[in-house]
Amino acid sequence: MGNDEGLDVVDVRLGARLAELRSERAWSLGELAERSGVSRSTLSRAERAEISPTASLLNRLCAVYGRTMSQLLSEVEAEPVPVVRAADQTVWADEASGFVRRSVSPPHAGLRGELVEGRLTAGADIAYDRPPVTGLEQHIWVLDGTLEVAAQDVEHRLDAGDCLRLRVWGPTRFRCPGPEDVRYALVVVLP
């Protein structure tokens, strides 16, 4: 996905929200760096929208702030609506890793479940060192391609039509072995 103006706006709002979350806790960049394992300079650049944060970086920050990635992204959206048209769904891309994430559900901070569409390019491999929220329930339904998911020392290979349900307690890894890209639906339910 190219670097279009819509993604830049999301990055600016996301950076501002990350700065707000840190400020609400009265943490310095150094304190947040210590808690998240992310360098002060990277955190500073993300808050100022000088860089587009990677999926791994956002996951670390979500873990520190006790939010899912969808919750964090929904906090940079306008007023919640009951219907969000396909053209209006928030799309966020981590171009470095080949990951594109579409928030399908209308954003609403007060609800526990959400639906996300994920796309990984062939060869993409994303490792998350911790869940954004411990005990998070995920349902992963592969729509096209093949996805390999590792969680709790168990590896799962999912082909089109396969669905995996799990609770996330520790590190996870999402990998697209190819040869084609993978597209999947992810249902996330807070514990």
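# Exercises on a predicted model

R165 touches E137, Q138 and H139, not counting residues up to four places away in sequence. The exercises below concern a predicted model.

## Exercise 1. The setting of R165

**Task.** Determine in which strand R165 lies, and whether R165 is buried or exposed.

**Solution.** 

Step 1. Locate the residue. R165 belongs to strand β8, which covers residues 163–168.

Step 2. Apply the cut-off. Exposed means over 50% relative accessible area. R165 has a relative accessible area of 62% and is therefore exposed.

Step 3. Compare the side chains along the strand. In a regular strand the side chains alternate between the two faces of the sheet. In β8, L164, L166 and V168 point to one face and are buried.

Step 4. Identify the pairing. β8 and β5 run antiparallel and are joined by six bridges. Within this pair, L164 of β8 is the bridge partner of I140.

Step 5. R165 and D94 are 71 residues apart along the chain, and their C-alpha atoms are separated by 24 Å.

## Exercise 2. Helix α4 and N59

**Task.** State how many of the 11 residues of helix α4 are buried, and describe which residues N59 contacts.

**Solution.** 

Step 1. Count the buried positions. Helix α4 spans residues 55–65, and eight of its 11 residues are buried, so that the helix is mostly covered.

Step 2. Name them. The buried residues are A55, L57, L58, N59, L61, C62, V64 and Y65.

Step 3. Recall the helical repeat. An α-helix has 3.6 residues a turn, so residues three or four places apart point the same way.

Step 4. Examine N59, a residue of α4. Its relative accessibility is 4%, and the cut-off for a buried residue is under 20%, so N59 counts as buried.

Step 5. List its contacts. With neighbours within four places in sequence left aside, N59 is in contact with M69, Y128, D129, R130, P131 and P132.

Step 6. Inspect the residue that follows the helix. G66 comes after α4 and has a positive phi, near 70 degrees.

## Exercise 3. The open sheet

**Task.** Give the strand order of the open sheet of four strands, and identify which strands are its edge strands.

**Solution.** 

Step 1. Write the order. The strands of this open sheet follow the order β4-β9-β6-β7, with antiparallel pairing.

Step 2. Find the edges. β4 (125–128) and β7 (154–159) each pair on one side only and are the edge strands.

Step 3. Consider the turn between strands. Neighbouring strands of this sheet are turned by 15 degrees against each other on average, direction ignored.

Step 4. Examine one pair. β4 is joined by four bridges to β9 (residues 172–175), and the two run antiparallel. A127 stands opposite R173 in β9.

## Exercise 4. The cavity

**Task.** State how many cavities of 30 Å³ or more the structure holds, and describe what lines the largest cavity.

**Solution.** 

Step 1. Rolling a probe the size of a water molecule over the atoms shows where empty space is left.

Step 2. Count and size. The structure holds one cavity of 30 Å³ or more. The volume of the largest cavity is about 290 Å³.

Step 3. Describe the lining. It consists of 23 residues, and N59, M69, Y128, Q138 and L186 lie nearest the centre of the cavity.

Step 4. Assign the lining to elements. At least two residues each come from α5 (69–74), β2 (99–103), β3 (113–120), β4, β5 (136–144), β9 and β10 (182–189). β3 gives the most, with four residues.

Step 5. The lining divides into 14 nonpolar, six polar and three charged residues.

## Exercise 5. Backbone features in loops

**Task.** Determine what value phi takes at A26 and at A49, and where P179 is placed.

**Solution.** 

Step 1. Treat A26. This residue is found in the loop between α1 (5–24) and α2 (29–36). Its phi is positive, near 55 degrees, although A26 is a residue other than glycine. With 64% relative accessibility, A26 counts as exposed.

Step 2. Treat A49. The loop between α3 (40–47) and α4 contains A49. Its phi is positive, about 60 degrees, and A49 is not a glycine. Its relative accessible area is 26%, so A49 is partly exposed.

Step 3. Treat P179. P179 is placed in the loop between β9 and β10. The peptide bond from G178 to P179 is cis, with omega near 5 degrees.

Definitions and conventions
Residues numbered from 1 in each chain as written. Predicted model: local features only at pLDDT ≥ 70, side-chain atom pairs only at ≥ 80, totals over all residues. Heavy atoms only, no water. Buried < 20%, exposed > 50% of the residue type's maximum accessible area, 1.4 Å probe, protein only. Pairing = 2+ DSSP bridges. Axes fitted to C-alpha atoms, helices over the stretch in contact; angles between N-to-C directions. Contact = heavy atoms within 4.5 Å. 1 Å grid on protein atoms, 1.4 Å probe; cavity = no way out; pocket = protein on both sides within 12 Å on 5 of 7 lines; lining within 4 Å. Points joined across faces, edges and corners; volume = space filled by probe spheres on them. Nonpolar A, V, L, I, M, F, W, Y, C, P; charged D, E, K, R; others polar.
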